[in-house]
Amino acid sequence: MGTCTDWSASVTAAIREQCINTSLTLPDVQLDEDLRRFASAWRAGFFREIHQRFSNGEPQEDIDITHRRVLDQLLSEKGALVNMSDVWGNDIRAKLVQSWHHQEAWPDAISGLERLKKNYFVVVLANGTTRMQLDLVHSSQLTFHALFSSQLLGLTKPDPRIYQKVLELLNCEPRDCIMVAAHAYDLRVAAKIGMKTAYIHRTTEDPDEDMERVRSECDIFVSGTDGKTFCGLYELADILCSTSIE
C-alpha cells in the first residue's frame with residue numbers, strides 16, 4: 001500500500017461519496033483538498049498507532065480495527081470533517097474502513113511488476129491482514145509470486161524478525177534480495193539485516209522524510225511522483241533487469 005497502490009485517491013473518493021450523501025449536513029467539506037488532508041491524517045494516524053504498538057511491545061492488531069480507531073479519533077476532534085457522531089454512524093464508518101481494501105495501482109505499477117517478475121521472484125511483505133492483501137491485489141489488478149502479511153507471520157514491521165522470517169521461508173540470503181518500498185523506515189531495517197534497498201518516491205508517502213537523506217541511504221532511488229507509466233516501478237525494472245546490484 002503506497003508503493004504499488006494509490007491509497008489516497010481511493011480513500012478520498014470514498015470520503016467524498018459519504019460527504020455527497022450528507023451534503024445538507026456538511027455543506028463546507030466538499031473541497032478535494034479538505035478530503036485529501038483528512039485521508040492523509042488518517043494514514044498518518046495509522047502509522048503512529050502501529051509504530052507505537054511495536055515500540056511498546058504490544059501484540060499486532062487487525063488493521064481494520066486500527067483504521068477504525070484512528071477514524072473515530074479524527075471524527076471526534078474539534079474542527080474534524082464530521083463533528084457529529086450521528087451523521088456518520090457505524091455503517092458509514094465501516095464502509096470507509098473497507099475503502100482501504102480497494103485501491104487502484106499507480107500507473108507504473110502493473111507494467112513495472114510484470115517486467116520485474118520475468119527476472120525475479122516478486123513478493124509482498126506488508127503490515128495488515130491476508131484478506132486485505134487479497135482484496136488489494138484483486139482491486140488493483142496487481143499480481144505477485146507470493147503475499148506475506150504481518151497477520152500470517154505473527155510479526156509486525158519494522159521488527160527485523162519479520163524480514164528474516166520471509167527470507168527463511170524463501171530460502172534466500174539477505175545479500176541476494178532487494179527490498180523495494182516507498183517507506184524509508186522499511187528500508188532502513190532491511191539494510192541492517194543485509195538486504196539491498198530500492199526506494200520508490202511517492203507523493204503520498206514519507207511526507208516528513210528528508211529525501212536527500214533517503215537517497216543517500218538507499219542502493220537505488222527512483223522517482224514515482226509524476227503519475228506516468230515510465231517512472232516508479234517501471235523505471236526500477238529498467239535498472240534491475242539490465243544491471244546487477246553489487
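Modeller: A helix axis here is a line fitted to C-alpha atoms over the stretch in contact, and angles run from 0 to 180 degrees between N-to-C directions. Keep in mind that this is a predicted model.

Start with the pocket. The second largest pocket holds about 480 Å³ of space. Its lining has 18 residues. Those that lie nearest the centre are A44, F47, D206, P207 and D208. Two elements give two or more residues to this lining: α1 (7-21) and α2 (32-55). Of the elements, α2 gives the most, with seven residues. By class, the lining of the pocket has seven charged, six polar and five nonpolar residues.

The axes of α1 and α2 come within 9 Å and cross at roughly 120°. Angles from 65 to 115 degrees would count as roughly perpendicular. On the α1 side, the contact is made by W7, S8, V11, T12, I15, R16 and C19. On the α2 side, the partners are D32, L35, R36, F38, A39, S40, W42 and R43. Counted by class, this contact has eight nonpolar, three polar and four charged residues.

Follow α2 to its next partner. Helix α3 covers residues 63-76, and its axis comes within 9 Å of the axis of α2. The two cross at roughly 125°. They are therefore oblique to each other. From α2, the residues in contact are F38, A41, W42, G45, F46, E49 and R53. From α3, they are I63, T66, H67, R69, V70, L71, Q73, L74 and L75. The class count for α2 with α3 is nine nonpolar, four polar and three charged residues. Note F38 and W42 of α2: both take part in the contact with α1, and both meet α3.

For contrast, look at another pair. Helix α5 (residues 109-117) and helix α11 (residues 232-240) have axes that come within 7 Å. Their crossing angle is roughly 20°. Angles under 35 degrees count as roughly parallel. So α5 and α11 are roughly parallel to each other. Their crossing is left-handed. In α5, A109, S111, G112, L113, R115 and L116 make the contact.

Two backbone details in loops complete the tour. The bond from K157 to P158 is cis, with omega near 15°. P158 sits in the loop between α7 (150-153) and α8 (160-170). The other concerns Q141. Its phi is positive, about 70°, although Q141 is not a glycine. Q141 is placed in the loop between α6 (130-140) and β2 (146-149).

To put the part you asked about together: α2 gives seven residues to the lining of the second largest pocket, crosses α1 at roughly 120°, and crosses α3 at roughly 125°.

Technical notes: Residues numbered from 1 in each chain as written. Predicted model: local features only at pLDDT ≥ 70, side-chain atom pairs only at ≥ 80, totals over all residues. Heavy atoms only, no water. 1 Å grid on protein atoms, 1.4 Å probe; cavity = no way out; pocket = protein on both sides within 12 Å on 5 of 7 lines; lining within 4 Å. Points joined across faces, edges and corners; volume = space filled by probe spheres on them. Helix = DSSP H or I, 4+ residues; strand = E, 2+ residues; numbered from the N terminus. Nonpolar A, V, L, I, M, F, W, Y, C, P; charged D, E, K, R; others polar. Parallel < 35°, antiparallel > 145°, perpendicular 65-115°, else oblique. Left-handed = near helix turned anticlockwise from the far one by under 90°. Contact = heavy atoms within 4.5 Å.
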